[in-house]
Amino acid sequence: MDFLELTPRVPYGIISSRHQRGALPDLLPREIDGSAIPVFSKFCAVDDAESQALFDFEGGRASIDLRPFMGLCGVTPPGPEALSTIPPGPFGGNMDIREMDCGSSLFLPVQTSGAGFYLGDPHFAQGNGEIALTALEGSLRVTARLTVVDSGIRHHGPWPFVETDTEWLILGMNESLDEAMRHCARLSVEFLSSLTGMTQNEAYLYLSAAGDFSVTQVVDIVKGVHCTIRKNDFRSVVPAHR
């Protein structure tokens, strides 16, 4: 799927921490006296001219660069069981990966007849980790193009990955962040080996020196880690796909 347009429809976004979820549920959000509060939120005005949102706080103001994307993009997984929309998986879903912005492509393994594609959860901006439960979220106007491609050419198995003009992003997921990291590392080795002709030993070393592993999100039950691989490093051996 190619993201062709991701444009804010409203002049504000909201960031919210609630349900005692996030990276620090035992610590935040809290009142000044230390007592827990159920919801703490910030509305942020959007400055279209500067492509920023304005985060006002006591004594000042910070700016957040807008980078719109859809947090939830997936295909229907196999089986009759109804699944929660919260945890992502090999079908995609609630991945919350900020690199899926305008101009990027998301590859999802079709698992049922007709694919059953869906998307939602628009974001104006997000920091990797999304530690407080939400990022800067608001309504988007979205145009996307769906295409069926040969998985043997542009996919590394039954897991999602993202392609931009300059990078490949490989996604690992697990309820354990340690295991999500291991999953991402294994998929990244397999991806490079199959795409470039490297042995897996060689890919393992390259990724240790030049792969950029980041925590995608830690708030969706199944946590995410993604590896960013620069296309330019392989310009002599991999033809451009985009």
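Buried means under 20% relative accessible area, exposed means over 50%, and partly exposed lies in between, with a 1.4 Å probe and protein chains only. Strands are DSSP runs of E with at least two residues, numbered from the N terminus.

This is a predicted model: local features need pLDDT of at least 70, side-chain atom pairs count only at pLDDT 80 or more, and totals for chains, interfaces and linings use all residues. Residues are numbered from 1 along each chain as its sequence is written, and side-chain values use heavy atoms, without hydrogens and water.

Now look at the partners of β13. Two strands pair if DSSP finds at least two bridges between them. Strand β12 (residues 161-163) runs antiparallel to β13, joined by 3 bridges. The two form a hairpin, with 3 residues between them. Strand β15 (residues 223-230) is also antiparallel to β13, with 8 bridges. Find isoleucine 170 in β13. Phenylalanine 161 stands opposite isoleucine 170. Cysteine 227 in β15 stands opposite isoleucine 170 too.

Next, move to strand β9 (residues 118-125), which holds histidine 123. Is histidine 123 buried or exposed? Its relative accessibility is 0%, so histidine 123 counts as buried. Its side chain makes a polar contact with the side chain of glutamate 130, at 3.3 Å. A polar contact is a pair of N or O atoms within 3.5 Å; within protein, one must be able to donate a hydrogen and the other to accept it, and residues adjacent in sequence count only if both atoms are side-chain atoms.

Conventions. Helices (H or I, at least four residues) and strands (E, at least two) are DSSP runs, numbered from the N terminus.
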